[in-house]
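Please examine the sequence and the model shown below before reading on.

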Amino acid sequence: MSEHVLEPGPDRRGFINWFLGTSAVAFVLSVVYPVLGYLVPPRVGESTSGTVTLSLKPDDVKPNTGQIFKFGSRPGILIRTASGELRAFSAVCTHLNCTVQYRPDLSEIWCACHNGHYDLNGKNVAGPPPRPLDTFVVNVRGAQIVVSKSA
Amino acid sequence: MEPAEPRHGRLWMWLDQRVGLKDLEKLARKKEIPVHRHGIWYYLGGMTLFLFIVQVSTGILLLLYYRPSAEEAFESVQFLMAEVQFGWLVRSVHSWAANLMILTLFVHLFSVLLLKAYRPPREITWFSGMALLGLALGFGFTGYLLPWNELAYFATKVGTEITSAVPGIGQFAGRLLRGGDEVTGATLTRFYGIHVAILPATAVALLGLHLYLVQRHGMSVPPGVEREGGASRVMPFVPNFLLRDIVGWLSALAVLAALAAYFPAELGKKADPFLPAPAGIKPEWYFMFMFQTLKYLPSHILGIEGEVAGILAFGLGGLFLLLIPILDRRTARGQPSRLFTWIGIAIILYMVLFTILGYTASATK
């Protein structure tokens, strides 16, 4: 580059064009970079605690029903099977993130958005869901229900 | 025949010397509309434009009461509907005109497709029109969330998750769109900004290009009519065609008012992230054919997840539609192009069939 700069004549125009062009690119980048950075949402610390004590009491969940609970920032579903056993899963449908519900008429977990069905082990049995629901561990300590992520 | 020089008053002369009204008048008088049996389709673009103007006007009015946050959005719309004089009317007209605009836009698109008006030199008119369709769907998708009700919340969860499912950049694009990993108040604020600032600014710029090109190339005469020797006569745009346009616009306004009065926009229940998705949840009707297709796809197709396959297929379909002016070589050469007529009809039938299925097939099996 430097010998072009030193030569007089039409190369001077070339240098000016190169200089202006580079400056223009640098200017655009220096505007676009912070704007793009601004658009990307910052990471907010998610509650990493893998264990949640529910506000629900064991008696609140009747056999063959289900309840949504807060597991960190996402919903979970607590189910009491017809035989009386408590089970908990992530309530986030593995298809497209809708929140699932318990269907007493089918004894299945069901997603209303695209008609996805899961059995009571969280396994996807019909409809579009590609994977089973994440399973949580349920512990009943006296009148408290404690749900934790399986290790 | 040269029209007689119109007589003008002093104000007109004064303005003409400063702004150049004479040139504008000449431009307006130059535009002519061919008259032939497919002429009815020429009104659809203008109708869409009229409804867009209605959207901008009612949208500005809604801005005066709406509050874009998860805590206040639902309540502010409730207040608007219940307390503000004619608040229900403005919101209902906004909601209905949005639907009618998408409808006329689709009819406009398919009439242009079937009458092959996309052929050279109008390829860029077609591309800008397709981009405007994308923007209109973006308007619909972002606007749907703003009342922050249950249906909108889950529709947005699904819609943004579809973005995230796109291989490669999906995860990043989903986060960018949602303003985080979940649909939250941050998403609402972001959608609001997109809906009232980014999309309108982009739409006005693209609309300018689209209208400029329509003006530059004049109205396309369908190849079938051209082969029969062209349109038998023309009518001036000002005033003959414009007056017909206005009759259509006033009728549309009457229809809008009637729809808004008899079927006002609903609000439903406030969104709660910790309630299950309600049964019977559905998106706006113009997304219904895609929504219904996603329901029918199995969980895995050829080793990839069903919804990813579906999204890829719709993406390719959209790309194909966009590139039709380049792909349809026969029409470009001035030959009849049966294949692309049938492709157009197949797309229309597919969309209509799956939309109907979306409203009639049982949601719960």
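Predicted model: local features only at pLDDT ≥ 70, side-chain atom pairs only at ≥ 80, totals over all residues.

Residues are numbered from 1 along each chain as its sequence is written, and chains are lettered from A and ligands numbered from 1 in the order in which they are written.

Strands of a sheet pair through backbone hydrogen bonds, either parallel or antiparallel. Here a strand is a DSSP run of E of at least two residues, numbered from the N terminus, and two strands pair if DSSP finds at least two bridges between them.

In chain A, 6 strands form an open sheet in the order β1-β10-β9-β4-β3-β2, with antiparallel pairing. Its edge strands are β1 and β2 (65-71) of chain A, each of which pairs on one side only. From one strand to the next, the twist averages 25 degrees; for this angle, axes are lines fitted to C-alpha atoms, and angles run from 0 to 180 degrees between N-to-C directions.

The pairs within this sheet can now be followed. Strand β1 (residues 51-53) of chain A joins strand β10 (residues 144-149) of chain A in the antiparallel sense over 3 bridges, and Thr53(A) has Val146(A) as its bridge partner in β10(A). Strand β9 (residues 135-141) of chain A also pairs with β10(A) in the antiparallel sense, over 6 bridges; here Phe136(A) is partnered by Lys149(A). The hairpin of β9(A) and β10(A) has 2 residues between the strands, and Gly142(A) takes a positive phi near 65 degrees in this hairpin. Further along, strands β3 (residues 74-80) and β4 (residues 86-90) of chain A run antiparallel and are joined by 5 bridges, with Ile77(A) opposite Phe89(A) in β4(A).

A further open sheet of chain A has 4 strands in the order β5-β6-β7-β8, again with antiparallel pairing. Its edge strands, each pairing on one side only, are β5 (101-103) and β8 (124-126) of chain A. The twist in this sheet averages 40 degrees from one strand to the next. Between strands β6 (residues 108-111) and β7 (residues 116-118) of chain A there are 3 bridges, and Trp110(A) has His117(A) as its bridge partner in β7(A).

Finally, which chain does chain A touch? In this model, 24 residues of chain A are in contact with 30 residues of chain B, where contact requires C-beta atoms, placed from the backbone, to lie within 7 Å.

How values were computed. Contact = placed C-beta atoms within 7 Å.
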